[in-house]
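Please read this briefing alongside the structure shown below.

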Amino acid sequence: MYEIGSGIRVYFENKKEFRNVVFFPDDRYAYYPTGGMLFELIRDDSIYMVTTKVENMIKVFPNYNAEASVDNVTDGFKWLYGTIEDEELPLATELFRGCFNEVILDVVGRPESYECVGDFFVKCYEEYLSRIEAFSVYVDAIAAYNSGSADDFQSEMANDFMSSAEELYGLYTRKCSIHHKNGKVTVDTVQMKNFLQVLTFEYCRMKKESKPLKICENCGRYFIPSKRSDGIYCPAPSPQNPEKPCSEVGANFRQTVKRRRDPVERKHHNNLCRLQNMVRRLTETGASKDHIAKYQTELQQEKKKYLSEKYADGGNGNK
Ligand SMILES: [Zn+2]
């Protein structure tokens with residue numbers, strides 16, 4: 001048992017596909033695959049809970065106008081921590097507390113005075129929010145960088161983050177020790193108190209396993225390619241058709257867009273559809289083999305013609 005606000009402790013090994021063990025302050029623990037901790041933190045409901053909800057709760061704090069004494073501040077934060085809690089989001093819950101705790105210590109150490117407890121909370125929240133914003137900016141920059149869509153600012157932020165994360169690569173990709181003593185087993189863990197620490201940890205683990213964080217080219221959500229690290233579509237249900245994942249819809253969609261824009265592609269697609277339909281219809285209606293063969297030959301010719309037109313410019317496919 002350790003204190004609320006002390007964040008989480010993580011046990012990990014130097015293995016691929018190892019599920020990290022996260023220990024929470026109340027002695028619960030949970031397994032997270034590589035990237036899983038990060039994905040819990042960037043869920044919409046997590047982001048809502050650790051930003052908007054915190055802000056709203058501070059506004060309705062019952063003792064908002066009380067004097068900013070040590071006792072009132074302590075009681076206030078106990079109350080706040082009790083309101084920001086979600087069993088489905090244990091990581092977001094504990095990291096909010098850990099991060100907010102760090103901010104309180106920073107703000108308390110400054111020689112400023114506050115009208116009331118509420119004002120002190122608001123000051124802490126402002127400072128805390130800027131840290132959450134830095135976290136989201138880094139997440140977005142890294143994902144854009146890995147997807148090849150980063151602008152200058154994002155590239156700079158991504159490089160900035162990656163070079164500092166590199167310093168912890170050795171620590172986060174080693175093995176935590178296990179100790180056996182008097183029949184008891186204890187494990188070494190690394191403590192993480194805030195969102196940026198988790199991002200750094202996940203970045204190192206994902207790098208080790210060649211699992212880049214990316215942005216889906218179809219729906220714009222974050223994802224980790226499941227097989228090849230150069231995958232560009234996520235496996236989640238697509239906005240165009242919720243029964244099919246972006247990985248299925250995205251490629252077709254891209255093809256459709258390309259076809260609409262390029263006259264050669266469009267003509268080829270139309271010819272191909274027309275001839276394929278003809279062959280199918282003739283086969284179904286029991287037409288003679290010669291009759292069908294005529295269209296099959298035309299189909300082959302169309303494919304050849306398309307390829308020769310497409311690569312007429314020297315083979316790179318650009319028009
Ligand atoms: Zn997607």
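Predicted model: local features only at pLDDT ≥ 70, side-chain atom pairs only at ≥ 80, totals over all residues.

The protein chain has 11 helices and eight strands. Its radius of gyration is 28 Å, well over the 20 Å that the globule rule gives for 319 residues, so the chain is more spread out than a compact globule.

**Overall form**

- The C-alpha trace of the protein chain spans about 95 × 55 × 40 Å along its principal axes.
- Buried residues make up 27% of the 319 residues in the protein chain.
- Taking contacts between residues at least 6 apart in sequence, 55% join residues at least 24 apart.

**Helices H4 and H5**

- Helix H4 covers residues 90-108 and helix H5 covers residues 117-147; they pack at an angle of about 125°, with their axes 9 Å apart.
- The crossing of H4 and H5 is right-handed.
- On the H4 side, the contact is made by Cys99, Phe100, Val103, Ile104, Asp106 and Val107, while H5 contributes Lys123, Cys124, Glu127, Tyr128 and Arg131.
- Sorted by class, the contact of H4 with H5 holds seven nonpolar and four charged residues, and no polar ones.

**Helices H10 and H11**

- Helix H10 (residues 263-284) packs against helix H11 (residues 289-310) at an angle of about 165°, and their axes are 9 Å apart.
- H10 and H11 are therefore roughly antiparallel to each other, and their crossing is left-handed.
- Residues of H10 that meet H11 include Val264, His268, Leu272, Leu275, Met278 and Leu282.
- Among the H11 residues in this contact are His291, Ile292, Tyr295, Leu299, Tyr306 and Lys310.
- The contact of H10 with H11 divides into 10 nonpolar, six polar and four charged residues.

- Leu95 belongs to helix H4.
- Is Leu95 buried or exposed? A residue counts as buried if 20 or more other C-beta atoms lie within 10 Å of its own; Leu95 has 27 within 10 Å and is therefore buried.
- Leaving aside neighbours within four places in sequence, Leu95 is in contact with Gly7, Ile8, Leu41, Asn194, Phe195 and Val198.
- Leu95 and Ile8 are 87 residues apart in sequence, yet their C-alpha atoms are 7.3 Å apart in space.

Notes: Residues numbered from 1 in each chain as written. Axes fitted to C-alpha atoms, helices over the stretch in contact; angles between N-to-C directions. Helix = DSSP H or I, 4+ residues; strand = E, 2+ residues; numbered from the N terminus. Left-handed = near helix turned anticlockwise from the far one by under 90°. Contact = placed C-beta atoms within 7 Å. Nonpolar A, V, L, I, M, F, W, Y, C, P; charged D, E, K, R; others polar. Parallel < 35°, antiparallel > 145°, perpendicular 65-115°, else oblique. Rg over C-alpha atoms; globule rule 2.2 N^0.38 Å. Buried ≥ 20, exposed ≤ 12 C-beta atoms within 10 Å, placed from the backbone.
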